[in-house]
Amino acid sequence: MANQSHPVRGYLYIATATLFWGISATLGRAAFTGRLHPGGHTLGFIDPLILAQTRTTFSFAVLFLILVPRRGWKKLRLPGADFVRVMELGVLGVAASNYFYYLAIQKTNVATAIIIQYTAPVWVLLYMVLRGFQKPTLQRLAGVALAISGIAMVIGIFGAGGLRLNAVGVIAALVAAFSFSFYNVAGHGILARYDRWTILLYTTFAAALFWLLVNPPGRIIAAHYSGGQWAFLFVFSLLSVLAPFSFYFSGLQHLEPTRAIIVSCLEPVFSIVIAAVVLGEVLRPLQTVGILMVLAAILVVQMPERNSEKTVFVEPLE
């Protein structure tokens, strides 16, 4: 059970993690649009695929170098069946979610990508209800309705002229949300039995191996990325994975998961505000209302109910 002796510290840890993820979303958007200017020089375009690939590969390498010497390989080993499950989570969960999330950021904007991906708890809940694992209570149905209506407002369906955003980007964001949901549904048992750092090690390994097959070293070398771009990709992996997860897992030592996930709703807020300030991304009033509706939906579906058999809790997957 989480240590409740320092709840304020737990809130600060989770909030710091969400801030890192918010900064990472804006950095990704800036990289895709050629608006990164370290040292006064334009960094150059970086493809979402290479960003997703290097992000998981660098993260795995650093985690491996830290965890194996400290814990020993025997403590990190998984039984064959669990190893296969974690590999599936790494490919269909981590790799797919990361790539489609950043593709959505490239094709649309930070606000659209993050808010649609953040509806994952709603899809997890809908799955649980359809499978009969949870009852379709009024609170849950209201959460689903809020989320769907909010998404429609964010992508402009209710505005004049219909959908205003890039269709590929919207679809990519939805795929990212569904992949995020798969990670939580399929990985529920694994995440309950093993240390989160161990699971993060294996899922980043699976994602890195998958991307190595999809985008082999020869193709990466042929892209001729500069030293500055490689430095950015390495720092990005630290800022978007290792640093925020360190704070998030530390926060879970002081807070129950339900409280942690509510605080983590600051992530889309930070992401949208930072993108607006740094990149000048502007939201229409109807989109702002939609974002608020989605955030409300996330809180609704994850708040415990009286006589509720289980609370929906979605693990972070950025």
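What volume does the second largest pocket have? The volume is about 160 Å³, taken as the space filled by probe spheres set on the grid points, which are joined across faces, edges and corners. On a 1 Å grid over the protein atoms alone, a pocket is an open set of points where a 1.4 Å probe fits, with protein on both sides within 12 Å along at least five of seven lines; lining residues have an atom within 4 Å of a point.

This is a predicted model, in which local features need pLDDT of at least 70, side-chain atom pairs count only at pLDDT 80 or more, and totals for chains, interfaces and linings use all residues. Residues are numbered from 1 along each chain as its sequence is written, and side-chain values use heavy atoms, without hydrogens and water.

The pocket lining includes Leu63, Arg70, Trp197 and Ser246. H2 supplies 5 residues, the largest share of this lining. Helices here are DSSP runs (H or I, at least four residues), numbered from the N terminus.

| Helix | Residues |
|---|---|
| H2, in the pocket lining | 48-71 |
| H12, in the pocket lining | 227-252 |

A nonpolar core is a set of buried (under 20% relative accessible area, 1.4 Å probe, protein chains only) Ala, Val, Leu, Ile, Met, Phe, Trp, Tyr and Cys residues joined through side-chain atoms within 4.5 Å. The largest one has 44 residues, and Leu51 and Phe232 are among those with the most contacts inside it. Helix H5 (residues 110-117) gives the largest share of this core, 6 residues. Another core, of 22 residues, lies apart from it and includes Trp21 and Phe249.

Notes: Helix = DSSP H or I, 4+ residues; strand = E, 2+ residues; numbered from the N terminus. Buried < 20%, exposed > 50% of the residue type's maximum accessible area, 1.4 Å probe, protein only.
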